[in-house]
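This report covers the fold, the charged pairs, the aromatic contacts and the surface of one protein. The sequence and structure come next.

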Amino acid sequence: AKDFLDGGSIDSYAVAGDYLYLVYARFAVPTEYELWKSDGTPGGTHEVHQFAPGEHPFGLVNFEGSLLVSVNTDASVNLVRIESNRAATPLTHFADFSSYVFQRAVVSGDSAYFCVLNNNATSLWITDGTPAGTFVISELPVFGGRQATAVAALPARDVVIVSGVSTLVVSTHGTAGGTEVLAHIATSSYNVARSVAVTFENRVYFTIDRSESGLQLLRTKGS
């Protein structure tokens, strides 16, 4: 559908609605980043957003037909929502680029969950796609999970799997007071691509990747 001939590269991508969205890193000094979308045809492939000089986007996630994107600069880290009409809505940011890192989000219904790293500390956040609806819901145990890798819904709550040097099973009603860590499972490594969570008969079944014993399937009632 499109040939990029300037020596750049595709940085990240996500499917939203009927389109494939991708970040193209154009060869320049400094590198220029563009958001493109395609319906698989030459006529339906075009640029939809030009990131400002110094902005480095990554971690595209489909959220209700729009995109959640983490955007780094030399001075800050930012989470933004980009609609199909090219508008970019800042959701939250941290001014200290050297300490804070946004991790890729996972989506359940009209909520998305993501982790924010601050040196050795990790916090779990929720967003409904608006600035007012983006906030921290839990400070996670030190040296526990580092990235939300899967999520599944139970009646009135979500179960979020947070992977890292260990795996955390978190039950949440979407508020700080309604969020608790159900289990802290020791693992020596993790593989984001192999993290899965599904709901079946009011239980969440999820996988964890233990390098010494392989992939394991566990379940929880959410309590």
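## Basis and overall fold

Buried means under 20% relative accessible area, exposed means over 50%, and partly exposed lies in between (1.4 Å probe, protein chains only). This is a predicted model: local features need pLDDT of at least 70, side-chain atom pairs count only at pLDDT 80 or more, and totals for chains, interfaces and linings use all residues. Residues are numbered from 1 along each chain as its sequence is written, and side-chain values use heavy atoms, with hydrogens and water left out.

The protein has zero helices and 20 strands. Helices (H or I, at least four residues) and strands (E, at least two) are DSSP runs, numbered from the N terminus. The protein has 223 residues, and 47% of them count as buried. Contact means heavy atoms within 4.5 Å. Among contacts with a separation of 6 or more, 33% join residues 24 or more positions apart.

## Salt bridges

Side chains of opposite charge can pair when their charged atoms come close. The cut-off for a salt bridge is a side-chain nitrogen of Lys or Arg within 4 Å of a carboxyl oxygen of Asp or Glu. How many salt bridges does a search of the whole structure find? The search finds three. One joins the side chains of Arg 26 and Glu 34, at 2.7 Å from N to O. Arg 26 is partly exposed, with 23% relative accessibility. Glu 34 is buried at 4%.

Glu 64 pairs with Arg 81, and their closest N and O atoms are 3.6 Å apart. Arg 81 is buried, with 10% relative accessibility. The side chain of Arg 81 also meets that of Glu 83 in a salt bridge, at 3.5 Å from N to O. Glu 83 is partly exposed at 32%.

Glu 64 is partly exposed, with a relative accessible area of 49%.

Glu 201 also has a positive phi, about 50 degrees, and is not a glycine. Glu 201 lies in the loop between strand 18 (197–200) and strand 19 (203–210). Is Glu 201 buried or exposed? Glu 201 is exposed, with a relative accessible area of 60%.

A pair of aromatic rings is described by the distance of the centres and the angle of the planes. Rings of Phe, Tyr and Trp (its six-membered ring) pair if their centres lie within 6.5 Å; planes under 30 degrees apart count as stacked, over 60 as edge-to-face and the rest as tilted. The whole structure holds four aromatic pairs. One of them is Phe 94 with Trp 125, edge-to-face, at 5.8 Å centre to centre and 90 degrees between the planes. Phe 94 lies in strand 8 (residues 88–94) and Trp 125 in strand 12, so the pair ties together parts 31 residues apart in sequence. Both Phe 94 and Trp 125 are buried. Phe 94, Phe 114 and Trp 125 form one aromatic cluster.

Ser 123 is in strand 12 (residues 121–127). Ser 123 is buried, at 8% relative accessible area. A polar contact is a pair of N or O atoms within 3.5 Å; within protein, one must be able to donate a hydrogen and the other to accept it, and residues adjacent in sequence count only if both atoms are side-chain atoms. Such a contact, of 2.9 Å, joins the side chains of Ser 123 and Trp 125. Leaving out residues up to four places away in sequence, Ser 123 touches several residues, including Phe 114, Val 116, Val 136 and Leu 140.

## Surface

Accessible areas come from the Shrake-Rupley method with a 1.4 Å probe; for residues, only the protein chains shown count as cover. The protein exposes about 10,800 Å², and carbon and sulfur atoms supply 53% of that area.

Patches are made of residues with over 30% relative accessible area and no salt bridge: like charges are joined within 9 Å, and nonpolar side chains (Val, Leu, Ile, Met, Phe, Trp, Tyr) within 5 Å. Ile 10, Tyr 13, Val 15 and Leu 20 make a nonpolar surface patch of about 410 Å². Strand 1 (residues 9–16) gives the most to this patch, with three residues. Tyr 13 lies in strand 1 and is exposed, with a relative accessible area of 58%.
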